[in-house]
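Please walk through the fold of one chain and then the contact between the two chains.

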2 protein chains.
Amino acid sequence: MPRKMKLIAAASACALMAAVAAAQAQDVTPKIDDPISLRQNLMKDAGASIGMLAAIAKGEAEFNAAAVKGALVALNAVALGFPAQFPEGSTSETSEASPKIWEDAAGFQSAAAKFIADTNQAKGMTITNADEMKQAMGLVGANCKACHESYRVKKN
Amino acid sequence: MPRKMKLIAAASACALMAAVAAAQAQDVTPKIDDPISLRQNLMKDAGASIGMLAAIAKGEAEFNAAAVKGALVALNAVALGFPAQFPEGSTSETSEASPKIWEDAAGFQSAAAKFIADTNQAKGMTITNADEMKQAMGLVGANCKACHESYRVKKN
């Protein structure tokens, strides 16, 4: 698959996953002393941001550079704050965090570091149209997919 | 001062502080094992988001509902991820974190919880014009001001 197609495929996969996750996930009140609630809300924010980009990519919303910038800044903020929300033993009935997060702490740390670096790069891109936005989505979206495949256990 | 004026004043103060901070702050590469770098980048994201809203409030940028939503989601993501980035002893030459963060941990925790709650509320608001956006900015902006006054030591 050519690079551009790959990027778009990754972005689409991510948008789809985000949409599915957003549809399924219950609203959880964020509580400062409950890292599970904080990370679930961070993923909600990621889903909302990806959803905004996906709507533009699919032609359902008009391209707007400021909206794209806002969504990419939000994804960077999610990436920056997310890794610290997984203290050992922070699991629950509703949490979809896989035990692998703690069993393979170095791998998770490395995936999280890549998410930070890629969103940092994406938010700094000059984006003036939907095609340029799709490049940024691909860069960011590959992280959603890779990390969810390895470190999330889907629950219904 | 009437409530609306107060909100706008708080929003303006916050936008100004964000603009000043953004102008002064050096770019810091976010490193996953360096909470100072993560929180400094989170504050950069907050500054960028507030800056987008401020540009609309000042009439320098056109109102766009998706851009406002993106910025408010970003501010919520900052709020959710920020509090965990202050482990005891995480100070440095460049860090503007006041020692009060640790001396008055309960106060800081309470301010951070308010920031989370207020940004959570703001991102859920239905915002269809700049005036409605200013209400959300006021709600969020009061947090910037209060927390910076108490828990930040300005460095140049």
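Helices (H or I, at least four residues) and strands (E, at least two) are DSSP runs, numbered from the N terminus. By that rule, chain A reads α-α-α-α-α-α along its sequence, with six helices and zero strands. This is a predicted model, in which local features need pLDDT of at least 70 and side-chain atom pairs count only at pLDDT 80 or more, while totals for chains, interfaces and linings use all residues. Residues are numbered from 1 along each chain as its sequence is written, and side-chain values use heavy atoms, without hydrogens and water.

Of the 156 residues in chain A, 44% are buried (under 20% relative accessible area, 1.4 Å probe, protein chains only).

Chain A can be laid on chain B by a turn of 180° and a shift of 0.0 Å along the axis, with an RMSD of 0.0 Å (least squares on the C-alpha atoms of residues with pLDDT of at least 70 in both). The two copies are thus related as by a two-fold rotation axis.

In the interface, 31 residues of chain A are in contact with 32 residues of chain B, contact meaning heavy atoms within 4.5 Å. The copies meet through the same surface, since 100% of the interface residues of chain A are also interface residues in chain B.

Two salt bridges cross the interface of chain A and chain B (a side-chain nitrogen of Lys or Arg within 4 Å of a carboxyl oxygen of Asp or Glu). One salt bridge joins the side chains of B:D45 and A:K123 at 2.6 Å, N to O. On the side of chain A that touches chain B, α2 (35-57), α3 (65-81) and α5 (105-124) of chain A each give two or more residues. The most comes from α3(A), with twelve residues.

Conventions. Chains are lettered from A and ligands numbered from 1 in the order in which they are written. Buried means under 20% relative accessible area, exposed over 50%, partly exposed in between (1.4 Å probe, protein chains only).
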